[in-house]
Amino acid sequence: MTDRPGFGPADPAEQEDREWMESLDSVFAQQGSERVRELLRILHVRARRWGVHPHFTANTPYVNTIGASEQPVFPGDRRVERRIKSILRWNAMAMVVRANRESPGIGGHISTYASAATLYEIGFNHFFKGRGESGFEGDLIYFQGHAAPGIYARAFLEGRLSERDLENFRRELSPGGGLPSYPHPRLKPDFWEFPTVSMGLAPLMAIYQARFNRYLEDRGLKRTRGRKVWAFLGDGEMDEPESLGALTLASRENLEDLIFVVNCNLQRLDGPVRGNGKIIQELEAAFRGAGWNCIKVIWGDDWDPLLAKDEKGTLVKRMDELVDGQSQKYSVSDGAHIRRDFFGKYPELLELTASYTDEQLRKMRRGGHDPEKVYAAFKAATEHRGAPTVILAHTVKGYGLGEAGEGKNITHQQKKLNEQELREFKARFDIPIPDDRVAEAPFYRPPEGSEEVRYLRERRQLLGGSVPSRRADAPPPTLPGEELYAEFYEPSGEREVATTMVFVHLLSKLLRDPSVGRLVVPIVPDEARTFGMEALFRQVGIYAHSGQLYEPVDKETFLYYKESRDGAILEEGISEAGAMSSFIAAGTAYATHGVPTIPFYIYYSMFGFQRIGDLIWAAADMGARGFLVGGTAGRTTLAGEGLQHQDGNSHVLALPVPALRAYDPAYGYELATIVKDGLRRMYAERESCFYYLTVMNEFYPQPAPPKGDRAALEEGILRGLYRFRRSEAGRPRGRAHLLGSGALLNEAVKAQAILEEKFGVAADVYSVTSYKELLRDALDCERRARFAPGEKAPAPYVARALEGSRGVFVAVSDYLKALPAALAKWVPGPLALLGTDGFGRSDGRGALRDFFEVDARHIAVAALAELARQGTLSPSVVREATRELEIEPGRRNPAGV
């Protein structure tokens, strides 16, 4: 090796470095990358023997992963695609501007789509597969919520949306309808597939959707290989814990059909995502560390000549030094500042750019705005095997807005542009709108036979049709007959059974049913044994794409932990959010895959609505179908667990979700009736609702249903109320009606005996299976009456079921008093409310029920107190009862401690 001309003798270390690099170059040239990788591994192992720990970094240099020489030939027409993209930018912007002129403050977002337009258009024109003729094929795409105007703008150019639709953006209640603010399948069910604007949920749901696609294939239900799951995300969104919380699941499961595209425009709502750092490098480390294939698209092709001339790596060094806050500053700076501040740090870089004008430096693009760079990344991602891929694309927020907000901290809130800003936007993107109409921000659609419209439609036709698109007409399955449920109407005799066990037995029967068994998807977050589901391990197996590669420690037992590739159970580990995402994927498979799978997700009831309520709303938005089962439910049934685990809230938190039917059954026949009807509603009649059922781990004899009309009984169970036990007391001193729910229905039955035997008060016991259904019906009846004055008002079901009941009423549940209080208006008499307001405690059931004042003794005293208040009994009877039943009236209210 000779010294370089003009320099002194080479430094020995530098010469040695060069010899090593030349050797490595030679190995690569002659034997390829795999041999280089193996040599590096061997050297690492050798170095560790001497206690030398090689430098570790999860980052690659701050340059594009795919070099200019590796880029494939771009297959599209750059000129036409740019024209289409420019028109979309204009229409997306105009949609938001016009909406806010029509209704100031209505909102909307310009800047997100402005930054991501190239990312989307490369996908639309070259990669996103449509649903095809069947309507249940193609890719599954999670569009970034704030980019919705751009997606609407494209549908307008395709002829799927009208100008009227765009005019009514964010005004859905306008005559003729309008467009929802964000992707909402429930509000636009033939268009949107996935709700995405609740930050962090889209990446989580996309991962579990991709895993569920593979689950369907491994169970033989649907061929899904090759259907890509795309998730378009924002870099600020990645701060949400849910965004990164399941990355290792995706790599562990080798979900090669999963692609994240993170639009790294470096800005949150208020300022830089990482002003003092580099979000792309941070995300690269997180994804690479989790086993993902990572592709960075940072610099546009304007930078390629400079990088090619950068022999000493000074430009790459300067790129690595750059922090995001300064990069954002450059997006609003002139070329002179960029030359001085960025390139001026090193003389070599000033020399490198000496022939560039300031204007050229100002216009050098970020990689996310370069179609060829983006195409190369998307192509590499779709062809990668063995791992999911993330594309980190560097863009400028508000790209194209100019002085109106390009790259500025105010950009996210930008809703309006003045006339001058509109003119600049029009000029920049060459929109053919007359100058005298620019101030109106009119929508523009090229003529029907134009080059742009033809190109756009031809590309979509080649890829299988328009996206996004949703269908929900999968054929319904054949449901089990009455015989499957018959045994649950039989009493258990002296054998005590918890409703959790009833549910597991019912689930087991459904899994064995020849008509629906293969469609049933049991989901559990690492609590299967808690809920007594271990028998299902052997029956249907736990799903694992790789099968079982080890011998389980309990292999010699009958109910060993059995994993298999065609297993039915989704055992999600300690992740309620992950399990709920699987429920959503399974509950919407009728629309995404045309396969009406039936998910049953059982979990600790405390960790449902309280923990993952946002995902439950997403399920409602998507029209999910299935059963959420809150196990070990109620604040006093879960003995010993205490404040964090005891659920007294879930039925109250279930009230706001419109598509959710919530039930708190006490007995096996109630549970069977509800599940049977739920299957009918959701799968035979294809109603877009889902169910919440609470089941308890308290063991007690399961009674036979009351004698009489079976149809009337089932109607009462489903509508929320029926009389479980009528009083047989003769010549009573007073009359009470005890409304019990769930496990506390048994306390109401005990209270009935106390009242009749000790105090001569007749008491009927009612089972309230659903306060929510009763309230929904009562409010509906009230509304109908409001709009029909002078006509006979429809009576709510609760009023009709209790009609003619004289005396007082006591409602007791294992939940907040607010739950029964909602019905007080329609109960035909004074209503005492007993519930479990307050924090839980660690103790046994008896002590807990005494503490919360919901046991049989307190129910009886509540009834007596109401009768005394009514004047039917003397107050002395109440005082006598509190003494006899050993109740301490002076203790603190449990709701406040």
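**Reading the model feature by feature**

Q: Before the details, what kind of model is this?
A: This is a predicted model.

Q: How should I read a sheet, and in what order do the strands lie here?
A: Strands of a sheet pair through backbone hydrogen bonds, either parallel or antiparallel. Here five strands form an open sheet in the order 1-2-3-5-4, and the pairing is parallel. Strand 1 (140–142) and strand 4 are at the edges with a single partner strand each, so one side of each has no neighbour in the sheet. From one strand to the next, the twist averages 15 degrees.

Q: Which strands pair with strand 5, and over how many bridges?
A: Strand 4 is joined to strand 5 (residues 389–394) by five bridges, and the two run parallel. Asn-293 has Thr-389 as its bridge partner in strand 5. Strand 3 (residues 258–264) also pairs with strand 5 in the parallel sense, over six bridges. There, Cys-264 has His-394 as its bridge partner.

Q: Strand 4 stands at an edge of the sheet. Are its residues buried or exposed?
A: Five of the five residues of strand 4 (residues 293–297) are buried, so the strand is largely enclosed by the rest of the structure. Asn-293, Ile-295 and Val-297 point one way, Cys-294 and Lys-296 point the other way, and all are buried.

Q: Which strands does helix 4 lie across?
A: Helix 4 (residues 111–126) lies across strand 2 (229–234), strand 3 and strand 5, and runs at about 140 degrees to strand 3.

Q: What is Leu-738 in contact with?
A: Setting aside neighbours within four places in sequence, the contacts of Leu-738 include Leu-755, Val-765, Tyr-766, Val-810 and Ile-859. Gln-752 and Asp-764 are also among them.

Q: How do I tell which side of a helix faces inward, for example in helix 18?
A: An α-helix has 3.6 residues a turn, so residues three or four places apart point the same way. In helix 18 (residues 419–429), the buried residues are Glu-421, Leu-422, Phe-425, Lys-426 and Phe-429. They cover an arc of only 140 degrees around the axis, which puts them on the same side of helix 18. Helix 3 (78–102) is included in what covers these buried residues.

Q: How do I read salt bridges, and how many are there?
A: Side chains of opposite charge can pair when their charged atoms come close. The count here is 64 salt bridges. One of them joins Glu-321 and Arg-318, at 3.5 Å from N to O. Both residues lie in helix 12 (residues 314–321), three residues apart, about one turn of the helix. Glu-321 is partly exposed at 29% relative accessible area, whereas Arg-318 is buried at 8%.

Q: Which residues does the network around Arg-776 join?
A: Begin with the pair itself. Arg-776 forms a salt bridge with Glu-773, with the closest N and O atoms 3.1 Å apart. Both lie in helix 29 (residues 771–786), three residues apart. Arg-776 is partly exposed at 33% relative accessibility, and Glu-773 is buried at 9%. Salt bridges with shared partners join Arg-661, Asp-677, Arg-680, Arg-681, Glu-685, Glu-687, Glu-773 and Arg-776 into one network.

Q: Which backbone angles deserve a look, and where is the cis peptide bond?
A: Most residues other than glycine have a negative phi, and most peptide bonds are trans. Val-467 and Pro-468 are joined by a cis peptide bond, with omega about -5 degrees. Pro-468 is in the loop between helix 19 (451–462) and strand 6 (496–497). Leu-266 has a positive phi, near 70 degrees, in the loop between strand 3 and helix 10 (279–289), and is buried at 2% relative accessibility. Ala-441 has a phi near 50 degrees, lies in the loop between helix 18 and helix 19, and is buried at 0%. Just after helix 18, Asp-430 takes a positive phi of about 55 degrees.

Conventions. Residues are numbered from 1 along each chain as its sequence is written. This is a predicted model: local features need pLDDT of at least 70, side-chain atom pairs count only at pLDDT 80 or more; totals for chains, interfaces and linings use all residues. Side-chain values use heavy atoms; hydrogens and water are left out. Contact means heavy atoms within 4.5 Å. A salt bridge is a side-chain nitrogen of Lys or Arg within 4 Å of a carboxyl oxygen of Asp or Glu. Helices (H or I, at least four residues) and strands (E, at least two) are DSSP runs, numbered from the N terminus. Buried means under 20% relative accessible area, exposed over 50%, partly exposed in between (1.4 Å probe, protein chains only). Two strands pair if DSSP finds at least two bridges between them. The arc is that of the directions from the helix axis to the C-beta atoms. Axes are lines fitted to C-alpha atoms, for helices over the stretch in contact, and angles run from 0 to 180 degrees between N-to-C directions.
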